[in-house]
Amino acid sequence: MHRPPIKHCRNCGTAVVYRLPDDGDTKERGVCPNCQTVHYENPLNVVGTIPVWGDQVLLCKRAIEPRYGKWTLPAGFMELNETVSEGAARETVEEAGAQFEMGEFFSLVNIPRVGQVQLEHAQGTGGKDGRESIRRQHAKE
Ligand SMILES: [Zn+2]
């Protein structure tokens, strides 16, 4: 899932033009020909946890698109004004309904193909299904 390029200026709504900005930037950006706003497109941060219970890892079966019905770790897009650990905790509650103790930062995975950086914390868990999951299940490591 690659994000489409920006088509219209977020400031004034004029169709943007992709070109090198006038400030010496070396990468083409969406530049508004009306108000000169430069639109930067950067990777999105996906935050989550690797919930461990004994020798098992908690997985969630997705109840929403994309990837409805697929098993995954609890994770989602980081929100503005939250830290990585706060976002990871929020996503774990939303997706797994898990009661947990947040562990140390565990991994960082770059996924340039889809413009994402995934950041995961380790944690201990218990709990029930969350609103974005059909069900949850522990799997052996
Ligand atoms: Zn504009």
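1. Helix α1, residues 84-96, has 13 residues and spans 17 Å from its first C-alpha to its last, close to the 18 Å expected at 1.5 Å a residue; the expected span is taken as 1.5 Å times one less than the number of residues. Helices here are DSSP runs of H or I with at least four residues, strands are DSSP runs of E with at least two, and both are numbered from the N terminus.

2. This is a predicted model, in which local features need pLDDT of at least 70 and side-chain atom pairs count only at pLDDT 80 or more, while totals for chains, interfaces and linings use all residues. Residues are numbered from 1 along each chain as its sequence is written.

3. The buried residues of α1 are G87, A88, A89, E91, T92, E95 and A96, where buried requires 20 or more other C-beta atoms within 10 Å of the residue's own, exposed 12 or fewer, and partly exposed lies in between, with C-beta atoms placed from the backbone. An α-helix has 3.6 residues a turn, so residues three or four places apart point the same way. After α1 comes G97, with a positive phi near 60 degrees.

4. For the protein chain as a whole, the secondary structure comes to 1 helix and 10 strands, and along the sequence the pattern reads β-β-β-β-β-β-β-α-β-β-β. Of the 141 residues in the protein chain, 23% are buried. Among contacts between residues at least 6 apart in sequence, 58% join residues at least 24 apart, a contact being two C-beta atoms, placed from the backbone, within 7 Å.

5. An open sheet is formed by 3 strands in the order β1-β2-β3, with antiparallel pairing; two strands count as paired if DSSP finds at least two bridges between them. Because β1 (17-19) and β3 (38-39) stand at the edges with a single partner strand each, one side of each is left without a neighbour in the sheet. The antiparallel strands β1 and β2 (residues 29-31) are joined by 3 bridges, and the bridge partner of Y18 in β2 is G30.

6. Strand β4 (residues 44-53) runs antiparallel to β7 (residues 75-77), the two being joined by 3 bridges, and V47 stands opposite G76 in β7. β4 also pairs with β5 (residues 56-62) in the antiparallel sense, over 2 bridges, and here W53 has Q56 of β5 as its bridge partner. The hairpin of β4 and β5 has 2 residues between the strands, and in this hairpin G54 takes a positive phi near 65 degrees.
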